[in-house]
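Here is a short report on one protein model.

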Amino acid sequence: MQRARMGWADIHDRFLAYDPGLIRMLSALSTVCAAGLTLGILAALDASVPTLVAGALTAMVTTVAVTEPRPRDQALTLATGVPDALSVMAVGSALAPYRVAADVVFVLLIFAALYIRRSGPRATTLGIFAFQLFFVTQFIDARVKQLPQLFLAVLVAFGSSALIRFAVLRSTPGRTLDRLLRAFGLRLVLVLDALIEVAEQGPQAKRAERAADDLRRRTAHLHAGALMIQNRLGSGTPDERTATALQRRVAEAETAVERLAVLVLRALWPGADVDTLTRHLTTVRPAGSVTDDVLDAATLPVLISELRALRGAVRPDPLRPTGDDHAETPDRLLGYRGEQQLPDASPAMQDVFRSAGDLARALSGLHLSVYGETSAGQAAPEAVRPHKKLTAQDSGPAAKDPVPKQRGPRIRPTTRTALQVATGSALAVVGGELLSPQRWYWAVFTCWVVFISTSSTGEILVRGYRRLIGTVAGVVAGLVLAALIGDTPWPAFALAGLSVFGMYYTIAVSYTLMSFFVTTMIGMLYTLLHTLTLEVLVVRIAETAMGIACGLAAALLVLPVHTQDRTQELLRDVLERLRAVLSPSLAQLGGESGGDLLDPARALDAALDSLRLSVQPLISPISPLRSRRRTALGVLGLLETAAFHTRSLAATAELVPAGLHIGTDERLVNEVRRIDRNLETLIDRIAVKGRHDTTLVRGPGIPAQLKVNEGGARTEDINAARRVLRHLQRVDESIQGLARTLQLPVRDDS
């Protein structure tokens, strides 16, 4: 029985890890509940079918569009949205009989809804309310005489949305952050599970590469979870000091487990030269085996046991008995950091055990910040700083953005998008009505959604083809489901509700799936109305294609932003962020006041994520430009490698004792200056197109050893110096590799 409960608990944990904070599930469930409650109330009042449709659509919009984290802000936005919705509903109903006038106002409203996004999230939400509810009036062909019922539907929808949001499925920012932290721990467990599988499989196993790919994928999910926590800290914590402490501890844990994974792969596959866990580099193929070293082969079972102990430190297994050995585990793991009881193995394998000690320390600090205690209930005094000292040190003033602001373009992104979408919508109105005077709105709506969260023509193209694929699949599914359920209404109603849930649950992870569920829902609605035909669904596909074509035409003709230009801009931003982390890290290692390293490191992560999204059109499997695809993948892989080692360097700088100035060695100082100049050269080369007089410099290389002072013979200090050299060398190699990939000359000045 206990094992059965543990099995269900494991399924629940994996679900929570898949959807951190249950944010997507609660959003989808809230939407379905709000729409269902609205329909129930209006049906009880014997409302007409157009009123029911208006109420359900309004409930869906009001639930999803309000995105502020704080309940107070959400309530204010909903209250402000009521007069906005009623006004738009009245204007739309008055103009519905006049097709040309309604179309003109619709396009102007689309422009205004996108233009006011510059004013913040509340203005964005109000703009969405206006656009969507005007669309509703045209969809149901509303008339002025219907306004009393339509006003009632709007008020019921807003009330139902508020009731579900603030009472039935209420989720405060603090509670959401708690769930995110728990999901982060679960994702840590999944990374360690994958790491254990890699170690158990061994490099010669048939599934070795698959296990390594799984490790990379789970590490990427862990990184995404850390960024989600970062975005919620401001509203989910009581003060800035707590937010900063949590941010620091999450970053330490993430960096430590990623470094441990890299070192394990390097130890298992010594010939593969693994530098990072990025998934954009060539698949690692084993070039050697840990079993080639007898000592390492004998140590491997011990390593697997310690990895399991680390997993238990994150999330203890209730089926595992606790005893004296369990109580001694944290001290043993932490002891590896000080060379205590290190196994007799190769230097690479010993590095793995030291890194395991670093992860144990990071986990203790994370438990201390989250729960006020360590994972084992106690920890070595040197492993975790006292809580008062941690708070004082971790909660300094927030560092200002070290990257200088670039001079913005003459046209703001919000203005450009508004002009593009308005132009595309005008084309879609004309084209949509030529295809089908009754279904023209599908083309306009498609044109609107393909622009959301995109910033270049290539991104619009990728989103457009994904929507078309999802629509075609949804048409097929709708026809099959309609044939299976026949004339029975309840299965169609249930499938429509499930489609709404699937639509909002998958919108953040798969645009194709979201489009599939949208079309399936439409099919079920037409089934309920007994109007579903193959011709209607074919028109749906045609209108979708028309909307995509109109959107692409507008993106190409109106203030176009080409994918290459956008990518160059983001690439420069990543390099500037990289430099902003690297310089203060090395300054701090040299004994200077480098300032806070946490915010610049997270800014680097955010810039790199933006670049990943921007290059999607280039690395998409359908891209015909194979050479550009290889170049984009190579650049992305090198940047991710440099970012990983820069984050690790920043983490090392945070751990080095204040009196240990390992960055004062003259040879290291010269090499650091050279790396900084190379970064500056790369940034200038990207900023000034067509410049050919830029050359990077290859120096004598990072020194093999450093001069350390004030107790330099301590093992911890020697290990810290070695880590600094290793990370800095990898950053240097990545920058030079990036220069070669971008076809920039590198001069040997050794």
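Are Arg337 and Asp358 buried or exposed? Arg337 is buried, and so is Asp358. Buried means under 20% relative accessible area, exposed means over 50%, and partly exposed lies in between (1.4 Å probe, protein chains only).

This is a predicted model: local features need pLDDT of at least 70, side-chain atom pairs count only at pLDDT 80 or more, and totals for chains, interfaces and linings use all residues. Residues are numbered from 1 along each chain as its sequence is written, and side-chain values use heavy atoms, with hydrogens and water left out.

**Salt bridges**

A salt bridge is a side-chain nitrogen of Lys or Arg within 4 Å of a carboxyl oxygen of Asp or Glu. By this rule the count comes to 32 salt bridges. Three of them are listed here.

| Pair | N to O distance |
|---|---|
| Arg337 and Asp358 | 2.9 Å |
| Arg577 and Asp573 | 3.5 Å |
| Asp609 and Arg612 | 2.0 Å |

Helices are DSSP runs (H or I, at least four residues), numbered from the N terminus. The bridge between Arg337 and Asp358 links distant parts of the chain, 21 residues apart. Arg337 sits in the loop between helix H12 (324-335) and helix H13 (347-371). Asp358 sits in helix H13.

Arg577 and Asp573 both belong to helix H21 (residues 563-589). They are four residues apart, about one turn of the helix. Arg577 is buried, at a relative accessible area of 15%. Asp573 is partly exposed, at 21%.

Asp609 and Arg612 lie in helix H22 (residues 598-614). Because they are three residues apart, about one helical turn separates them. Asp609 is partly exposed, with a relative accessible area of 23%.

Salt bridges also form a network. It links Glu254, Glu258, Arg602, Asp605 and Arg647.

**Helices H2 and H3**

How do the two helices meet? The axes of H2 (residues 23-44) and H3 (residues 49-65) come within 8 Å and cross at roughly 150°. Axes are lines fitted to C-alpha atoms over the stretch in contact, and angles run from 0 to 180 degrees between N-to-C directions. H2 and H3 are therefore roughly antiparallel to each other, a term for angles over 145 degrees.

Contact means heavy atoms within 4.5 Å. On the H2 side, the residues include Ser30, Thr31, Ala34 and Leu42. On the H3 side, they include Thr51, Gly55, Met60 and Val64. The residues of this contact divide into 10 nonpolar, six polar and no charged. Here Ala, Val, Leu, Ile, Met, Phe, Trp, Tyr, Cys and Pro count as nonpolar, Asp, Glu, Lys and Arg as charged, and the others, Gly among them, as polar.

Conventions
Angles under 35 degrees count as roughly parallel, over 145 as roughly antiparallel, 65 to 115 as roughly perpendicular and the rest as oblique.
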